[in-house]
Amino acid sequence: MKLGLLTSILDGWSFEEAVDLASDMGFSCLEAACWPKGEAKRRYAGVSHIDCERICKDPGYASYVKEYAGEKNISISALAFYPNPMDANPSVREEAVRHLKRVIQAASILDVNVVTTFIGKNQYRTVEENIELFAGTWEGLIAMAGKLGVKIAIENCPMLFGPDQWPGGQNLMCTPVIFRRLFQRIPAENFGLNFDPSHFVWQGLDYIKTVYEFQDRIFHIHFKDIKLYTDKLKECGVLAYPLEYMSPKLPGLGDVDWGGFISALNDIRYEGSAVIEIEDKAFEGSREEILRSIALSKRYLSQYL
């Protein structure tokens, strides 16, 4: 298992600074944030450490990215872009798909061959309607990626946290029941998961059983934790906005059973990349705090790896 870092937390760092940081801290890989240029529409989005549009047009830049990371013994585990390709707004949907195609092409050019992303969802439609929308949106994208030798790894985050994502959330692929239905609908071998156990904690789902069932579909791993505040949950109930009763935390500061989860990954002989995703508001005050959060997360997880 290769331990790495998702670079979204390094907003303001250059590509070179991100690679240098990963190398200096003893990481093996980076999941490189690859949003298009422009203003971020949510926290941790809008960050870009590799310009995919430029990768597709400039062979010299592509060679530089590969060589710089290689010289520091850092592999790029995946190119990361987490939009909503099934948004209710057609213009948002079209732009997401357009850039996602660029990211897929860039992953092939860079020999990264994994793109981490969201399926997306029309939050105002039923699950059944969204499954039909999924087929129309993703069949071509997954086929395109397959021809280029690129795996599509979908993170299982419901993207349902507050009122802007109410009522249905913005990512359909968030439970084992849905995994089965979507993999049956598009059974392509390059279509799989970027699995994050933290999103199962607050949904009451079994992330360890899921590792065993979907072992052939796990292409990438996120190490992030969630703290479920049961006292708050008893006050507001499961129909409240989820951020009213839970909070993303550094690994080890929440409720994920890391020993059990990593033991399951070892059981299935998972030898891919597992990257730390920092989304803990308690560590966002400064660059120094961000660096401390990365160091603390790495130190905690290193006991299991």
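Predicted model: local features only at pLDDT ≥ 70, side-chain atom pairs only at ≥ 80, totals over all residues.
Residues are numbered from 1 along each chain as its sequence is written. Local features need pLDDT of at least 70, side-chain atom pairs count only at pLDDT 80 or more, totals for chains, interfaces and linings use all residues, and side-chain values use heavy atoms, without hydrogens and water.

**Exercise 1. Compare the span of α4 with the expected value, then list its buried residues and their packing partners.**

Solution. The expected span is 1.5 Å times one less than the number of residues. Buried means under 20% relative accessible area, exposed over 50%, partly exposed in between (1.4 Å probe, protein chains only). Contact means heavy atoms within 4.5 Å.
- Step 1: α4 (residues 90-109) has 20 residues and reaches 29 Å from first C-alpha to last, close to the expected 28 Å.
- Step 2: Its buried residues are A96, V97, H99, L100, R102, V103, I104, A106, A107 and S108.
- Step 3: These pack against α2, β3, β4, α5 and β5.
- Step 4: Just after α4, D111 has a positive phi of about 60 degrees.

**Exercise 2. Count the disulfides and check C52.**

Solution. A disulfide here is a pair of cysteine sulfur atoms within 2.5 Å.
- Step 1: The count is zero.
- Step 2: For C52, the nearest cysteine sulfur is that of C34, 3.8 Å away.
- Step 3: C52 is buried, at 2% relative accessible area.

**Exercise 3. Classify the ring pairs that F261 forms with F195 and F223.**

Solution. Phe, Tyr and Trp rings (six-membered ring for Trp) pair if their centres lie within 6.5 Å; planes under 30 degrees apart are stacked, over 60 edge-to-face, the rest tilted.
- Step 1: F195 and F261 are 6.1 Å apart, centre to centre, with 45 degrees between planes: tilted.
- Step 2: F195 is in β6 and F261 in α10 (residues 258-267), so this pair ties together parts 66 residues apart in sequence.
- Step 3: F223 and F261 are 6.5 Å apart, centre to centre, at 80 degrees: edge-to-face.
- Step 4: F223 lies in β7, so its pair with F261 links parts 38 residues apart in sequence.

Definitions and conventions
Helix = DSSP H or I, 4+ residues; strand = E, 2+ residues; numbered from the N terminus.
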